[in-house]
Structure formats: structure tokens, C-alpha cells
Amino acid sequence: RCKSNGMVGTIIERFETVYGLTATPHRLDIGDIYPGLFKHKVFEITKEELSQHNYLTPRRYVDISVDKLINVKASKLNNITELSEDVCPQTKKCVDDFILQWNGKPTVVFGCDIKHCVKIADVFEIIGNVRCQIISGDTPKTLRAKYIENFKDGSKYDFLINCEILTTGFDAPICENILILRPTGSATLYEQICGRGDRLYPGKEWNNIYDYTYSRFNIPTGKQVDGEKFCLHCGELNKSSHQKCVRCGEKLFKYESQTKDCVFC
């Protein structure tokens, strides 16, 4: 949450020495917070290193076929209402595909807004034989705590469906799968979403990320080429006006308005 004109910036200005610790050293507007607000990097350790030393569960990004990915315009990523309207009609194909691959383990699901979360729950209800619960800002705190405890002990729910409620301050080591149905251009939000499955738990080998949004390849990192689209099928760069790839002829996603480097690999 660091920015020069915010709370952290004010603290840095008023104190002689300030140490900062973060798991997400990247902002959408200014990029990496070092160098910038913080002048010296004292120590750094990666998620991969933490996994290798058994402090975190290693992540595994499950392969999703291109035709099952959510396709939205990049311009709608910051308008939740418009984003939800685009994503809701595409939700059933994603959930149906996920169920075919699901390992039966506790899963946290991320939607765009309450309307979208209800849509996700409706699809699960149609499928049947799964236990899910929606948590939103409208859920009373006592009920929210109850739902979370029932999920954490595995007694009542297989799925917790939420919209920006379980991104920070939520600790449920039993969670083994992350189902992402909410596209985002924010590296911090994406990292917080994926991180909900990183906690260690007996018998848990992987934090399985089911990303139906392709977000991890569309997050800005400062290196980008304007006016080009990247083909998911063959990797060819196309003009932004192209609807199909010039090399392989496959349909190009609207989401890919720019070519961006992956912040993770």
C-alpha cells in the first residue's frame, strides 16, 4: 500500500530510519517500490526459495485450455460492474471445466462482485454434490467467522466463494486449490489471491492455481509493447486491430491489448 502521498510516505518523511517488510513489493501505478520510497534493499527471499526450504507450499498452475479462459477487454478491468457483466456469462464453462479436474480438496474461489459470486454458487448448485458458501462485505461478521471456521476445519464447506474479502488477513492452511474467475491487472491483488493457498498443511503437496483469467500474463511490469496482441496458441505478435492470428488463424483475446512480461517467471 506504499505511495509517496499516502500514509507510508508520510511516515518515511517524519522518521530518520524506516524499515519496510512486504510480500508484494509492486504497485500498479509506480511499479516496484524499490528503488523509490525505500532507498536500500536489506534482504530479499523469493517464494520459490521459501518453498524449497519448506516454509511455503509450492504452487502449481493447472493447465487450462484456451477455449475455457475468460475473455474480457483490458479497459474493463478496473470497472467492477462492467467486468462482472462480461464475466458472468462465461462462468459456467469455467466451473464445469474445473469440476472435471477438481481433486476434492478445500478451495477458495475469487469472483468479481456479489452478483458474480451468486452466479458461481448457482453453477455449483446445478452441478450438485458440492458444498459451497458465499462470503461478501454484506455477510455479518459473526456469520463470516462461522463460515470461515467451518471451511478451515473441513466440516461443512468445500468452497468459499468471495469477492475481495479473503485476499489479506485470511489464514486457512487447509486450502489446497485457488479458483480464479476474477480478471485483474494488479500484481499485488493477484499475488494476494494466489497466496491464500501457500500455507503449509499436513499431506498438502501443492497449492493448485486454477486461473481461468490469464491474469498472470497480463499484469504490467514496465516492459510492454503498445498496440500488439500476443497469440495464446502460437506466440505470434499481432497488430491490435487483428481479430485472428496471422500465423495460426486462431482467435485473439480482447484481453491481450498489450504484450507484457510475466511478473513470476
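The model is predicted, with local features needing pLDDT of at least 70, side-chain atom pairs counting only at pLDDT 80 or more, and totals for chains, interfaces and linings using all residues. Residues are numbered from 1 along each chain as its sequence is written, and side-chain values use heavy atoms, with hydrogens and water left out.

Student: Which residues of α3 are buried?
Tutor: They are L83, S84 and V87; buried means under 20% relative accessible area (1.4 Å probe, protein chains only).

Student: Why are the buried residues of α3 said to line one face of the helix?
Tutor: Seen down the axis of α3, they fall within an arc of 100°, so they line one face. The arc is taken from the directions from the helix axis to the C-beta atoms.

Student: Why does T184 count as buried?
Tutor: Its relative accessibility is 3%, and the cut-off is under 20%; T184 therefore counts as buried.

Student: What makes the pair T184 and S186 a polar contact?
Tutor: A polar atom of the T184 side chain lies 3.0 Å from the backbone nitrogen of S186. The definition asks for N or O atoms within 3.5 Å, one able to donate a hydrogen and the other to accept it.

Student: Which residues have the most contacts inside the largest nonpolar core?
Tutor: In this core of 28 residues, they are V109, F124, L179, L181 and Y212. A nonpolar core joins buried Ala, Val, Leu, Ile, Met, Phe, Trp, Tyr and Cys residues through side-chain atoms within 4.5 Å. The largest share, 5 residues, comes from α5.

How values were computed:
Buried means under 20% relative accessible area, exposed over 50%, partly exposed in between (1.4 Å probe, protein chains only). Helices (H or I, at least four residues) and strands (E, at least two) are DSSP runs, numbered from the N terminus.
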